[in-house]
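Colleague: I would like to learn how to read sheets and interfaces in a model. Could you take me through one?

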Number of protein chains: 2
Amino acid sequence: MDFSSFLTSLGTSFIIFVVLMLLFAWLSTREGNAVVYYPNRMLKGLEPWEGGSRTRNPLAWIREALSSTEQDVINMSGIDTAVYFVFLSTVLGILVLFGIVLLPVLLPVAATGDGIKKNTKSTTSNGTFNDLDKLSMANIEEQSPRLWAFLIAIYWVSVVTFFLSWKAYEHVSALRANALMSPEVKPEQFAVLVRDLPNVNPGQTRKEQVDSYFKSIYPETFYRSMVVTNNKEVDKIWGELEGYKKKLTRAEAIYAESSGSEGTKPTHKTGFLGLCGKKVDSIDYYNEKIKELTQKLEAEQKVTLREKQLGSALVFFNNRVTAALAAQSLHAQMVDRWTATEAPEPRQLIWSNLSIKFFERIIRQYIIYFVVFLTIVFYMIPIGFISALTTLKNLRKLLPFLKPIVDMDAIKTVLEAYLPQLALIIFLALLPKFLLFLSKTEGIPSGSHVIRAASGKYFYFTVLNVFIGVTIGGTLFSSLKTIEKNPNSVVSLLAKSLPGNATFFLTFVALKFFVGYGLELSRIVPLIIYHLKRKYLCKTEAELKEAWFPGDISYATRVPSDMLIITIVLCYSVIAPVIIPFGVLYFALGWLILRNQALKVYVPAYESYGRMWPHMQTRIIGALLLYQVTMLGYFGVMKFYYTPILIPLPLLSLLFFYVCRKKFYKAFCHTALEVVSQELKETPQMDQIFKSFIPPSLISEKGEDEQFEDALSEVSRTGSYV
Amino acid sequence: MDFSSFLTSLGTSFIIFVVLMLLFAWLSTREGNAVVYYPNRMLKGLEPWEGGSRTRNPLAWIREALSSTEQDVINMSGIDTAVYFVFLSTVLGILVLFGIVLLPVLLPVAATGDGIKKNTKSTTSNGTFNDLDKLSMANIEEQSPRLWAFLIAIYWVSVVTFFLSWKAYEHVSALRANALMSPEVKPEQFAVLVRDLPNVNPGQTRKEQVDSYFKSIYPETFYRSMVVTNNKEVDKIWGELEGYKKKLTRAEAIYAESSGSEGTKPTHKTGFLGLCGKKVDSIDYYNEKIKELTQKLEAEQKVTLREKQLGSALVFFNNRVTAALAAQSLHAQMVDRWTATEAPEPRQLIWSNLSIKFFERIIRQYIIYFVVFLTIVFYMIPIGFISALTTLKNLRKLLPFLKPIVDMDAIKTVLEAYLPQLALIIFLALLPKFLLFLSKTEGIPSGSHVIRAASGKYFYFTVLNVFIGVTIGGTLFSSLKTIEKNPNSVVSLLAKSLPGNATFFLTFVALKFFVGYGLELSRIVPLIIYHLKRKYLCKTEAELKEAWFPGDISYATRVPSDMLIITIVLCYSVIAPVIIPFGVLYFALGWLILRNQALKVYVPAYESYGRMWPHMQTRIIGALLLYQVTMLGYFGVMKFYYTPILIPLPLLSLLFFYVCRKKFYKAFCHTALEVVSQELKETPQMDQIFKSFIPPSLISEKGEDEQFEDALSEVSRTGSYV
């Protein structure tokens, strides 16, 4: 790619971005679109437009995003989102500080070098260099004293990263502490998840076992326990019941609509997909089904609570200090029994994982790690295999009825272009879901933890495959000759390959932010889907809400792709400082646009009080380490005499990481006692707290929880509330 | 060393052992020696001889040792000693099970082989083999199918070790739990050591800071706190005072003794070592001094309590569950502040280490590890240097006044023989003390932990230097030629060297147990020292007690040397199964004789509730791993085709270690809550518990602790006792 085609692609992206932004400015002011552009505000009962006026400056959202405080973000979207902005602004700060120093210093140094001219003379290379290369380290001669400037720049980059990420860690830690010490009553702060219960003695129920155990240790603060049950069956029935209820409302809505024209009662067929079978009156049929299933559900609820108890329980305490203490302490002499951990929020509790045993959890974890490792390293093999199978020729052979369509010229061209990559495209689209599934299979009990785990896996996948893969892969074949002559290590290979791929990654970053963030802000896709659904599918309020409900900000893929950009920009920051402004733009635009989305669009699905941060910080330092090691290799390739001056840097990074981990990390795994010992605003309503943990499929329709008597204990209800 | 000289050395050792045992039987029945042979019983207020009769079977101690139960050991010597016996009997069990299977199977297989004959034919070796070698793997041909027997034996050895060490871990864990749940009130179970206190706010005392912090977290269970002070000065004065008190008692005793002959008052000179200076009346002088120092001590106590407060404190709770919870939980949002750990027993608290800061502790630890590493690897360099300097010639030159003595023939011979090793001997004698000093410098707050740390260091020193050093060193030069031809890895070098050194280690083990345990049982050296002191030095009761006080069983050196024996016997168990009976004898005799010593002689200096065990178990598995890896190398050297069958074994060992650590270890670091939630026999006397932690130098003579008001808090004294 030469300089002009790079400019063209950049220009195109920018134009797309401007168009999308204008589209957003126009669409977002229209009344009917408010649920797409302001769902978070509307769900919180606020006016979609601040001040209520709809006709306003099309760039008002920028002012609003910039003037919003961290507290606004916390109020609208929770601590996790606020932490994500700390992450964005930290990285932005790091890149701005790079740019301020590196651009004015390194660009002139590089531009006035003459490494490329010399190289061209000495080799017969057919000119892969381009105008951009003149602004990069590729334009510096080997052993040139100009390299000193680059060497010092690496130190500057490292020191800035250390300083800002330390500040950010302190800030996030304070955010977390403030959230945890809040005087609001939060149910999860009063509960502890206890797994690995030993077998019940004969003549004792599970409930008695748990209650007597915890009553003896916490005689005054133990409130009640909830034994975890196997809800598979009851969940299924409940799901069916809810489905029929939705269908009933829908049928009734259709009936009500049509009642103007004499009221034709909606009917449907009971067979497969409503295509065959007996034709029935929908409303009567659904009512029948609901009645039937409600009875079935009640029976199954009883059976579940009585007979499907598993070896774990949620234990409730009547003050949060005790719950925090219990979650951190060893209860049984054998570590694999009565293991207590903090209870996650009720909404993110993964019930099916709660009763996995201690060593099974560990074994599952290692198996998953191994599977992920295989996926990262060998994912191309099955995809290549599938690609080889799904050629046009095979398709025609296997599915002969497609022949007439496939043979059409236009379709043939498209298919020939895309079929080979189809498997890869589908794989990459499904990868986040696959990694989420794998992480869930590890046996993690909370949703936010699953997302953190999946996000880590996705990060390793992108960095290893996209960054290192593209870099090395791109030059592996071209430099095969030199490798044969002089076997290089991966590091120096990577180092050699970096400058050649600078333009590729520049374009990648630019595309990513202009097109990606343009789509993000304008929400074109959700808007179209919403309007289509509203027009042709949705009949009831609930269905409508489902159609516009925005979901959460989806860290599992967002954070790893930000991480990839950081890794790329860091690794190129000294080699080709031109990349820095693009990095700055990426994170500045990201901050601005996601601020708007966080305040107005996305609805958080959970609250983990900033537990994502240590992962982010670890990976920032990881990217820095990769950068330092690559630079060490690159300076070696440049045959710079003072390269060993860089050796302390990776060690410093490891030390910095170690100190951060020692100083901050534990407070992200556990709840510090000084934090939860703050006074509460009101006496906690223990029965409310207890009820909030009952899964919806087990809540009795009659509104009584007498049926819980069996599975859930009812001790010390009369006990003193703090 | 050929077979006959081995038998001679064995015979001599055995005769020495028998003589020492007879000596013991005779000496231990004499009234005057009771304090040397039965101090533990006497200090516990028991009759020295069971049943009170002195004239008895000289082998009665064996019967008593064998019939004693674990409970007897716990009563007389504590959990730590009982755990040491679990260790001894586990190792004994392992070795006996080896012997039962390996001896009848492997010896015939080896003896009927003809590897040595063949080797002798093919090489011109001048016959380093001997009769013992015929019973070892050295007598097996390369690639011989007989190697199958040895290969299966390695599996047997591993499985037996896994099984018995698992059983032992379970047993020790139960021992620890039982001891911790004891209904006796133990002061350390009610206290928590809190370090890394942040700076005090202006206008607040340290005491107020600590009290308000803990009162807010534990409003009902916090009792009181004791701020740690810098006791260096006050300890010094107190030490001087105690010294003068002792001298005074001594002078009075001398006076009383001499009063029969008209009563000459004892006098002494005040100058250096009592050799010069003014002559004074001792009793008057000491009384004067004591008066003076008492006043000084009181003043210094006040200053210490008021002005020398440091950044750590002991915090007391009025029930032990809360103390156990607090010791395991994170108190502050920043992990390096308010760090709480279990308080050690008052007697093993190392006051000077209590106020070392969080990161300083970590840094110190790594520095010490580095120093130990240097010591283990390079200790020969300074010793070689000193040895080179301290030749007879240099001695004569440097210290010319020694010339006439040094030139005497007899002395010259002795000096020439021992001078070169003098530095080494002194180094090895001082090494345990040096390692203890290093471990203490790490900043560890409890005495038992220092001993565990030192014992670990000593283990690595002995295994690396004695075992691997002797083995490889012995054949390094002789096999230098083969190394040049075919560079071997250390493992296969070790493997090759093992058979050649079998006899050396056989003799080593035999000497160690016959002579070592003979001396241990007969206590000849302490007996002679005691009698000498009693006759010539001791005048008072206190001095006499000091002369016979036996001290504790000194794990810091005892455990590592047992470990060395295990490592040696394990590594030779298959190569030269003849070593097994010697290993069995070592641990059987050790069990018997130390049982006697534990019940009757040694007085434990601390109680750590079996915390030494995980270290012992780790090192048993470590030795097994070393053995498995060496065997893998040795089978490789024997060119056995099925060697890879051994590869799963080291992995299995690592897995076993991992599972043990996961399942048991945490309960050895912390106190499990189910254990301390057991009921106490009586309401704890909190002021007694508090007072037991006051260091002796800070206890006021007046018996009031009003002076503690300043440093030690007095909150919630009226609080409810559980």
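**Reading the contact and the sheets**

Modeller: The model is predicted. Between chain B and chain A there are two salt bridges.

Colleague: Which residue of chain B forms a salt bridge with A:Asp336?

Modeller: The partner is B:Lys663, with the closest N and O atoms 2.7 Å apart. Polar contacts across the interface of chain B and chain A come to 18 residue pairs, both residues being at pLDDT 80 or more.

Colleague: Which helices of chain B each supply at least two residues of the side that touches chain A?

Modeller: They are H7 (147-180), H8 (206-217), H11 (320-328), H12 (358-378), H26 (648-669) and H27 (673-676) of chain B. H26(B) gives the most to that side, with seven residues. By class, the side of chain B that touches chain A has 23 nonpolar, eight polar and seven charged residues.

Colleague: How is the size of such an interface expressed?

Modeller: The size is often given as the accessible area lost when the parts come together. Here chain B and chain A bury about 3400 Å² between them, and 60% of that is on carbon and sulfur atoms. In chain B, the residues that lose the most area to chain A are B:Leu330, B:Gln333 and B:Lys663, together 22% of what that side buries. The contact takes 38 residues from chain B and 38 residues from chain A.

Colleague: Now the sheets. What holds strands together in general?

Modeller: Strands of a sheet pair through backbone hydrogen bonds, in either a parallel or an antiparallel arrangement. In chain B, four strands form an open sheet in the order E2-E5-E1-E6, and the pairing is antiparallel.

Colleague: Why is one side of E2 and of E6 in chain B left without a neighbour in the sheet?

Modeller: E2 (222-229) and E6 (339-342) of chain B stand at the edges with a single partner strand each, so one side of each has no neighbour in the sheet. Neighbouring strands are turned by 30 degrees against each other on average, direction ignored. E2(B) pairs with E5 (residues 309-317) of chain B over six bridges, in the antiparallel sense; B:Ser225 stands opposite B:Val315 in E5(B). H8(B) packs on this sheet, touching E1 (191-195), E2 and E5 of chain B, and its direction makes about 40 degrees with that of E5(B).

Colleague: What is the strand order in chain A?

Modeller: The order is E2-E5-E1-E6, four strands in an open sheet with antiparallel pairing. E1 (residues 191-195) and E5 (residues 309-317) of chain A pair over four bridges, and A:Val194 stands opposite A:Ala313 in E5(A). Helix H10 (residues 282-307) of chain A packs on the sheet, touching E2 and E5 of chain A, at about 85 degrees to the direction of E5(A).

Conventions. Residues are numbered from 1 along each chain as its sequence is written. Chains are lettered from A and ligands numbered from 1 in the order in which they are written. This is a predicted model: local features need pLDDT of at least 70, side-chain atom pairs count only at pLDDT 80 or more; totals for chains, interfaces and linings use all residues. Side-chain values use heavy atoms; hydrogens and water are left out. Two strands pair if DSSP finds at least two bridges between them. Contact means heavy atoms within 4.5 Å. Axes are lines fitted to C-alpha atoms, for helices over the stretch in contact, and angles run from 0 to 180 degrees between N-to-C directions. Buried area is the accessible area (1.4 Å probe) that two parts lose on being put together, summed over both. A salt bridge is a side-chain nitrogen of Lys or Arg within 4 Å of a carboxyl oxygen of Asp or Glu. A polar contact is a pair of N or O atoms within 3.5 Å; within protein, one must be able to donate a hydrogen and the other to accept it, and residues adjacent in sequence count only if both atoms are side-chain atoms. Ala, Val, Leu, Ile, Met, Phe, Trp, Tyr, Cys and Pro count as nonpolar, Asp, Glu, Lys and Arg as charged, and the others, Gly among them, as polar.
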